[in-house]
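Hi,

Here is the structure I promised to send over. Have a look at it first, and then read on for what I found in it.

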Amino acid sequence: MSSSGEEGKVVCVTGASGYIASWIVKFLLQRGYTVRATVRDPSNPNKVDHLLKLDGAKERLQLFKADLLEEGSFDSAIQGCHGVFHTASPVHFVVDDPQTQLIDPAVKGTLNVLKSCAKSGSVKRVVLTSSIATALYNGKPRTPEVVVDETWFSNPQFLLENKMWYQFAKTSAEEAANKFLTENNIDYVVMNPAVVIGPLLQPELNDSSSLILNLINGSETFLNAAFGWINVKDVANVHIQAYEDSSASGRYCLVERVIHFSELTKILRDMYPTLQIPNKCADDKPLMQTFQVSKEKAKKLGSVEFIPLEVSLKEIVESLKEKKFADF
């Protein structure tokens, strides 16, 4: 075992091939950490090649096979780690079988990872990737004057009744994690990002990126919805800052701006005048209202200045083009 100064440098990132996780791995390696990255199938080049190419990967990246639904499968990856970034959780907005596709992997998977943390005896802090979805749905109206912050919690009953499965899975997972980590006296922080966009490191398309791809790839209408948006690099950086800053605690809402799709498509049309970007809403109802999300708490972590939405949109469109998802 190396000297205690070095031990703090070993961390685990679950679901490491994912969109946010890949950036967390990249930034951790840049900062000199030894990263144990868990993936379901380390032999699948689509899942690991982009990680193995990162600066520092040869020296300090170790791949581990682990499955969210297999209890104990994270033990060896987490044993001896000082910190764990738990990002592994499915993101699907359309599902046939919510229990199997979303709820079990989110809730049971989170508990399996946390049980490995409790067993390890080495883990000093867990950073949990949750979602702004665990805050927004509590029956309170959201209007332009309303400011959502870390004290807001979604109501699981409301989510169930409205068949909002992704939101329900994330809310249930966060609740289960809070209970387990508190009972086992493990220090933790929770990240609650809005819709994440920006450049893709992984070769596969993820669900939040496909929201933008649809708009630039010939969709005739845009959603009647107002979402919060945040750059993937900011999300990854704040995860690491929350891990490194001993005063960080509780939840952190991560949102650069809340904007309606009508506004978003306007920005894209101005940016890419030659593209056929929809200017018609998918329904005739009044446009959903925007709201605000507080940045106060997130800004206290280091000197966080979120990347402006316009830059994030430009980055993701160029990335989708470079990865041949968009052909223009």
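A word on terms before the details: I call a residue buried when its relative accessible area is under 20% and exposed when it is over 50%, with partly exposed in between (1.4 Å probe, protein chains only). Please keep in mind that this is a predicted model, so local features need pLDDT of at least 70 and side-chain atom pairs count only at pLDDT 80 or more, while totals for chains, interfaces and linings use all residues. Residues are numbered from 1 along each chain as its sequence is written, and side-chain values use heavy atoms, with hydrogens and water left out.

Cysteines to begin with. Cysteine 117 is buried, because its relative accessible area is 2%. Cysteine 281 counts as buried too, at 14% relative accessibility. Taking a disulfide as a pair of cysteine sulfur atoms within 2.5 Å, the count is zero. Cysteine 117 has its nearest cysteine sulfur in cysteine 12, 7.6 Å away, and is in no disulfide.

Now the sheet. Helices (H or I, at least four residues) and strands (E, at least two) are DSSP runs numbered from the N terminus, and two strands pair if DSSP finds at least two bridges between them. Seven strands make an open sheet with parallel pairing, in the order S3-S2-S1-S4-S5-S7-S10. Strand S3 (61–65) and strand S10 (250–254) are at the edges with a single partner strand each, so one side of each has no neighbour in the sheet. From one strand to the next, the twist averages 20°.

Some of the pairings in more detail:

- Strand S1 (residues 10–14) pairs with strand S2 (residues 34–39) in the parallel sense over four bridges, and valine 13 has alanine 37 as its bridge partner in S2.
- S1 also pairs with S4 in the parallel sense, over four bridges; here cysteine 12 is opposite valine 84 in S4.
- S4 and S5 are parallel and share four bridges, with histidine 86 opposite leucine 128 in S5.

What about the faces of strand S4 (residues 83–86): which residues are buried on each side? Gly83 and Phe85 are buried on one side, and Val84 and His86 are buried on the other, leaving both faces covered. As a general point, side chains in a regular strand alternate between the two faces of the sheet.

I count a contact when heavy atoms are within 4.5 Å. The buried residues in H3 (residues 45–52) are Val48, His50 and Leu51. Looking down the axis of H3, these buried residues fall within an arc of 160°, so they line one face of the helix; the arc is that of the directions from the helix axis to the C-beta atoms. Among the elements covering them are helix H2 (19–30), S2, helix H4 (57–60) and S3. Asparagine 44 caps the N-terminal end of H3, with a side-chain oxygen 2.8 Å from the backbone nitrogen of asparagine 46. That is a polar contact, meaning a pair of N or O atoms within 3.5 Å; within protein, one must be able to donate a hydrogen and the other to accept it, and residues adjacent in sequence count only if both atoms are side-chain atoms.

Helix H12 (residues 261–271) has Phe261, Leu264, Thr265, Ile267 and Leu268 buried. Down the H12 axis they fall within an arc of 155°, so they line one face of the helix. Their cover includes H10, strand S9 (226–231), strand S11 (257–260) and H14.

Two serines may be worth a click:

- Serine 131 sits in the loop between strand S5 (125–129) and helix H7 (133–136) and is buried, with a relative accessible area of 5%. A polar atom of its side chain is 2.9 Å from the backbone nitrogen of alanine 133. Leaving out residues up to four places away in sequence, serine 131 touches Tyr166, Lys170, Met191, Asn192 and Pro193.
- Serine 208 is in helix H10 (residues 207–216) and is buried at 10% relative accessible area. Its contacts include Tyr19, Phe93 and Val195, again not counting residues up to four places away in sequence.

Finally, asparagine 185 has a positive phi of about 55° although it is not a glycine. Asparagine 185 lies in the loop between helix H9 (165–183) and strand S7 (187–193) and counts as exposed, at 71% relative accessibility.

Cheers

Conventions: Axes fitted to C-alpha atoms, helices over the stretch in contact; angles between N-to-C directions.
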